[in-house]
Amino acid sequence: LRKLDTTTEAKDLTLYVDMLNYGAAAQQKWNYNTDALANANLTDVLKAYATEISGNENILDGGTGFVGTSLSLKENILMNVAYNPKQITDVTYAVVSFTDHYGNDSSMTVQRSEFVTLSATTAYIEIDIMGVADYEQPVTVKLYNAADECVSTTIDSMESYAVRQIEKNADVALFEAILAFGKGAWNYFHT
């Protein structure tokens with residue numbers, strides 16, 4: 001809010017408005033401090049800077065044992081990809097790779113012991129190396145066995161997950177705000 005008072009550049013205003021709109025949508029989703037929404041003080045002029053979302057696509061290609069993708073909406077927006085360890089019993093590690101919004105290749109290796117186990121049928125890999133501006137970048141998660149053979153490949157993106165939630169009418173306002181924040185962040189770095 002302080003930055004909105006001191007900046008005049010359109011891309012900055014858009015980023016801050018999108019961030020506040022995402023914050024307000026998250027507050028409403030979790031019924032947190034809804035008497036003081038993050039975007040409550042936006043004027044009509046500032047509201048006009050919000051990013052419009054359109055043309056988003058679902059690129060999901062789930063591999064063997066794929067259970068689902070989710071986003072962790074905590075300090076950062078993190079992408080998680082889950083699989084069923086009963087369907088693929090010999091996984092020893094995963095390699096997560098994507099090209100970031102600047103065009104740089106990025107990857108991380110996650111040992112099986114670092115997967116988050118939710119139940120006997122669900123374990124997930126937390127992907128914490130992405131930024132909000134990487135929202136539309138395809139992420140490839142390959143699961144490997146002890147012989148270093150790839151046993152499953154899944155491709156998804158934060159955008160793709162959000163689109164699927166909107167299509168299911170699940171928390172539409174929140175996922176539209178996530179898409180706008182991601183697109184607004186991308187525009188901020190690339191305009």
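How many residues lie between β5 and β6 in the hairpin they form? There are 2 residues between these two strands.

A word on the ground rules before we go on. This is a predicted model, so to speak, in which local features need pLDDT of at least 70 and side-chain atom pairs count only at pLDDT 80 or more, while totals for chains, interfaces and linings use all residues. Residues are numbered from 1 along each chain as its sequence is written, and side-chain values use heavy atoms, with hydrogens and water left out.

Helices (H or I, at least four residues) and strands (E, at least two) are DSSP runs, numbered from the N terminus. Two strands count as paired if DSSP finds at least two bridges between them.

| Strand pair | Bridges | Facing residues |
|---|---|---|
| β2 (residues 77-83) and β6 | 5 bridges | valine 81 and isoleucine 125 |
| β5 (residues 116-119) and β6 | 3 bridges | valine 116 and tyrosine 124 |
| β3 (residues 91-99) and β7 (residues 139-145) | 7 bridges | valine 96 and valine 141 |

Strand β6 (residues 122-127) is largely enclosed by the rest of the structure, because 5 of its 6 residues are buried. Buried here means under 20% relative accessible area, with exposed over 50% and partly exposed in between (1.4 Å probe, protein chains only).

**The open sheet**

Strands β4, β3, β7 and β8 make an open sheet of 4 strands, in the order β4-β3-β7-β8 and with antiparallel pairing. At its edges sit β4 (105-111) and β8 (150-156), each pairing on one side only. From one strand to the next the twist averages 15°, with axes taken as lines fitted to C-alpha atoms (for helices over the stretch in contact) and angles running from 0 to 180 degrees between N-to-C directions.

**The nonpolar cores**

A nonpolar core is a set of buried Ala, Val, Leu, Ile, Met, Phe, Trp, Tyr and Cys residues joined through side-chain atoms within 4.5 Å. The largest one has 37 residues, of which Phe115, Ile125, Ile127, Val141 and Leu143 touch the most other members. Two or more residues each come from α2 (10-29), β2, β3, β4, β6, β7, α4 (158-167) and α5 (172-190). Helix α5 gives the largest share, 7 residues. A second, separate core of 7 residues includes Tyr16, Val17, Leu20 and Leu46.

Which residues does valine 141 contact, leaving aside neighbours within four places in sequence? They are Val81, Ala94, Val95, Val96, Ile125, Ile127, Ser152, Thr153 and Thr154, where contact means heavy atoms within 4.5 Å.
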